[in-house]
Amino acid sequence: MSIDVETARRVAKLARIQVDQGDLPALAVELSNILGFMEQLNEVNVDGVEPMTSVTPMRLKRRKDEVTDGNIQDLVLKNAPDAREGFFAVPKVVE
């Protein structure tokens, strides 16, 4: 797939990246190369291949799942602009 300069300009605008007019042809070529590589990857047969989280076979470290409140309610509420009765107070947003 080939990307033209106008498409590269639109992609840059959508990504909110400022690209000089002179750099747009190089960006178009680079985007075309990326899409070409993606098309090449789509040709690879991955049937029966398990998804991986890492290239090395290792198990992630696990910890015991304990639910706590942290016992720091006062410290957390100290940062709130308005706290009442142990909760964050927010302005009413629905009439």
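View 1. Of the 95 residues of the chain, 8% count as buried, where buried means under 20% relative accessible area, exposed over 50%, and partly exposed in between, with a 1.4 Å probe and protein chains only. This is a predicted model, in which local features need pLDDT of at least 70 and side-chain atom pairs count only at pLDDT 80 or more, whereas totals for chains, interfaces and linings use all residues. Residues are numbered from 1 along each chain as its sequence is written, and side-chain values use heavy atoms, with hydrogens and water left out. The chain holds three helices and two strands, arranged from the N terminus as α-α-α-β-β; helices (H or I, at least four residues) and strands (E, at least two) are DSSP runs, numbered from the N terminus. The radius of gyration is 26 Å, while a compact globule of 95 residues would have a value near 12 Å; the radius is taken over C-alpha atoms, and the globule rule is 2.2 Å times the number of residues to the power 0.38. Along the principal axes, the C-alpha atoms fill a box of roughly 60 × 45 × 30 Å. The chain exposes about 9,600 Å², of which carbon and sulfur atoms supply 56%; accessible areas come from the Shrake-Rupley method with a 1.4 Å probe, and for residues only the protein chains shown count as cover. Among the contacts with a separation of 6 or more, 28% join residues 24 or more positions apart, a contact being heavy atoms within 4.5 Å.

View 2. Ile 3 is placed in the segment before helix 1 and counts as buried because its relative accessible area is 14%. Not counting residues up to four places away in sequence, Ile 3 touches Ala 8, Ala 28, Leu 31, Ser 32 and Leu 35. Ser 32, for its part, is placed in helix 2 and is buried, with a relative accessible area of 14%. When its neighbours within four places in sequence are left aside, Ser 32 is in contact with Met 1, Ser 2 and Ile 3.

**View 3. Two C-alpha separations along the chain.** Ile 3 and Pro 91 are 88 residues apart in sequence, and their C-alpha atoms are 49 Å apart in space. Thr 56 and Asp 82 are 26 residues apart in sequence, with a C-alpha to C-alpha distance of 49 Å. Thr 56 is placed in the loop between helix 2 and helix 3 and is partly exposed, at a relative accessible area of 41%.

**View 4. A nonpolar surface patch that includes Val 44.** Phe 37, Leu 41, Val 44, Val 46 and Val 49 form a nonpolar patch on the surface, and together they have about 480 Å² of accessible area. Patches are made of residues with over 30% relative accessible area and no salt bridge, like charges being joined within 9 Å and nonpolar side chains (Val, Leu, Ile, Met, Phe, Trp, Tyr) within 5 Å. Val 44 is placed in the loop between helix 2 (24–42) and helix 3 (73–78), and is partly exposed, with a relative accessible area of 48%.

**View 5. The salt bridges.** A search of the whole structure finds two salt bridges, each defined as a side-chain nitrogen of Lys or Arg within 4 Å of a carboxyl oxygen of Asp or Glu. In one of them Arg 9 pairs with Glu 6, with the closest N and O atoms 2.4 Å apart; both residues lie in helix 1, three residues apart, which is about one turn of the helix. Arg 9 counts as partly exposed at 29% relative accessibility, and Glu 6 counts as partly exposed at 48%. Arg 84 forms a salt bridge with Asp 82, the closest N and O atoms being 2.8 Å apart. Here Arg 84 is exposed at 54% relative accessibility, whereas Asp 82 is partly exposed at 28%.

View 6. Most residues other than glycine have a negative phi. Arg 16, although not a glycine, has a positive phi of about 55 degrees; Arg 16 is found in the loop between helix 1 (5–14) and helix 2 and is exposed, with a relative accessible area of 80%. Asn 71 likewise has a positive phi, near 55 degrees; Asn 71 is placed in the loop between helix 2 and helix 3 and is exposed, with a relative accessible area of 70%.
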